[in-house]
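Hi everyone, thanks for coming. Please have a look at the chain on the screen, and then I'll walk you through a few places in it.

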Amino acid sequence: MKALTDQYNTRLHDIGCGSSYPTFMLKKKIVSHFGDQVKFVRPSITKPEYVMPITTQKEIGLKAAGAVIAAATRDGDDDYYQDECMDTASDDDVIRNQDTNLDLVHAALQIRRDVREVKPVLPETPTAKDLTMANAHACIPDSLFNFLAWVITGKGLDAASQGRCDVSAEAAPRILSIGQDIVYATSNAKVVPPKHVALPMAVRHLTRSQHLTTMLNRFGHGVSDSRLSELETALANKTLQDDASLPGNISLSYPLQFCWDNNDFTEETLSGQNTTHCTTGIVLQSSSEPNLPVSDTLQPEQLTATNARQRRPRSLPPPPTADLHYIAGARCLPPLSSSLPTYPSSDVFRPGLNMDFAWLLLRCSANDGYIGGDGVVPAWSGFNAAATSPSNTSRKPTEVGFLPVIAAPPTELATVMELIRRSVTISRRAGQQHCIITCDQAVYAKSLEVLWKHQQNFPDVVLRMGAFHTACVFLAVIGKRFGDAGLKEMGVPILILGKLLLLS
């Protein structure tokens, strides 16, 4: 084709046209003039392109000698002509293989071009909410997804020119996995898909083995072990920046509730002492809105697409020891008030009262045999969980966010003072009138002692004890009040009550 273009430009120069004619314009003119009578063939990507007529002189000769070949075959002299036909067939196979290879080269280059245009979908420090299937789909171009779907499943060949073909639920994860590997390898690790962070991070947490994460990185299935160390250090530093910061999935526009409990690791030591005891907290948020306002949530880190990734620290220096101090002093009594507490109108409690009444009717009907089938009505908690599930109502599931850990056991008054202070700080930041804190019986007793002593600092704290410990208190009261009134003699022999219940 290049030689033909040079000859054409030379002819133009001879007739007085000084401008050179580009190759693609000459190719377009040849196609418009000759149509299907010519074809363009490139043996390989490094070879020049050739212009070949569809009907060559050899094919014309073969067609003209068709009758002679048939007559010679009838005469028995067919060895020579069979060799000629085999040579012709081999030439056709070569051309067909060249066309197939050329199609594969063009398809590979087109997919590579689409992959090189993919932008990073993860921030520099991704969190769990960034490692989703949606981001996995976003980092794979449609051409690569369809190509892998056609290769793996062999279906969807009639897919539209735009969009992605439909694949089964079993094939989709495999297509996404291979597609993310291709994107990661083609971009030279400049585009990091969710798989290449989630997979080595999970293996690292499960095994704590640097060799396994390094093997995954060498095979192209994940980032390097040093990159994982940088990521964990960045997440830890981000958490330590503000001890009262909200998790990324929690908004400031809806009510918040806090739950605190002890977290005892009780690792093995030679003496059995000096084990790890800390206090962990979560924040709960229930919203009936379809989407949370973006302006009130913590903004994610901006995406970076720099060619040279800056090195970040791989280890976290020990934080300065922050001793929690609390001066207990003399214990204070609960506040006494002569006025009764005021409650909202009954319309606020009406849905809950109706739900409780419906549960009570169902339980009574089940006991009387009026409910068919299994006749199983769950307990109060299970009934409300089933009635308020996403499949039965339009409410969204409750969001759960993890708060920074307090490196001290909750049995100390200083720790209880700190967890109350953190909860109140976040509640005031959210503009709530009251701060609701739920804890177990041990932390509840310590918290009441702190709140009674510091009534002026925490006047709007609503302290709640969990349902399990509340039931334990009621059972203990029943056992102590009625243990000597015949409850022990009636309940223990028939295994309704245990001896420890009456003694507690």
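How many helices and strands does the protein chain have? There are 18 helices and 7 strands in the protein chain; these are DSSP runs, H or I of at least four residues for helices and E of at least two for strands, numbered from the N terminus.

Before going on, a word on the source. This is a predicted model, where local features need pLDDT of at least 70 and side-chain atom pairs count only at pLDDT 80 or more, while totals for chains, interfaces and linings use all residues. Residues are numbered from 1 along each chain as its sequence is written, and side-chain values use heavy atoms, with hydrogens and water left out.

Now the whole chain. Of its 504 residues, 28% count as buried, and buried means under 20% relative accessible area, exposed over 50%, partly exposed in between, with a 1.4 Å probe and protein chains only. Take contacts, meaning heavy atoms within 4.5 Å: among those between residues at least 6 apart in sequence, 65% join residues at least 24 apart.

Let's go inside. A nonpolar core here is a set of buried Ala, Val, Leu, Ile, Met, Phe, Trp, Tyr and Cys residues joined through side-chain atoms within 4.5 Å. The largest one has 29 residues, and Leu256, Phe258, Ile420 and Val461 have the most contacts inside it. Two or more residues each come from strand E3 (257–264), helix H14 (413–430), strand E6 (435–439), helix H15 (441–453) and strand E7 (461–465). H14 gives the largest share, 9 residues. Beyond its neighbours within four places in sequence, leucine 256 touches several residues, including Leu246, Ile250, Val283 and Ile426. Apart from this core lies another, of 24 residues, with Val115, Cys139, Leu144 and Phe145 among them.

Next, the start of the chain. At what angle do helix H1 (residues 2–14) and helix H2 (residues 23–34) pack? The angle is about 95°, with the axes 10 Å apart; axes are lines fitted to C-alpha atoms, for helices over the stretch in contact, and angles run from 0 to 180 degrees between N-to-C directions. H1 and H2 are therefore roughly perpendicular, the word for 65 to 115 degrees. Leu4, Thr5 and Tyr8 of H1 meet Thr23, Leu26, Lys29 and Ile30 of H2.

Further along, isoleucine 178 sits in helix H8 (residues 171–186). Is isoleucine 178 buried or partly exposed? Its relative accessibility is 37%, so isoleucine 178 counts as partly exposed. Leucine 148 is 30 residues away in sequence and 8.0 Å away in space, C-alpha to C-alpha.

Last stop: some polar side chains. In a polar contact, a pair of N or O atoms lies within 3.5 Å; within protein, one must be able to donate a hydrogen and the other to accept it, and residues adjacent in sequence count only if both atoms are side-chain atoms. Serine 226, in helix H11 (residues 225–240), is buried, at 18% relative accessible area. Its side chain makes a polar contact with the side chain of serine 224, at 3.1 Å. Asparagine 384 belongs to helix H13 (residues 380–387), and a polar atom of its side chain lies 2.7 Å from the backbone oxygen of tryptophan 380.

Notes
Angles under 35 degrees count as roughly parallel, over 145 as roughly antiparallel, 65 to 115 as roughly perpendicular and the rest as oblique.
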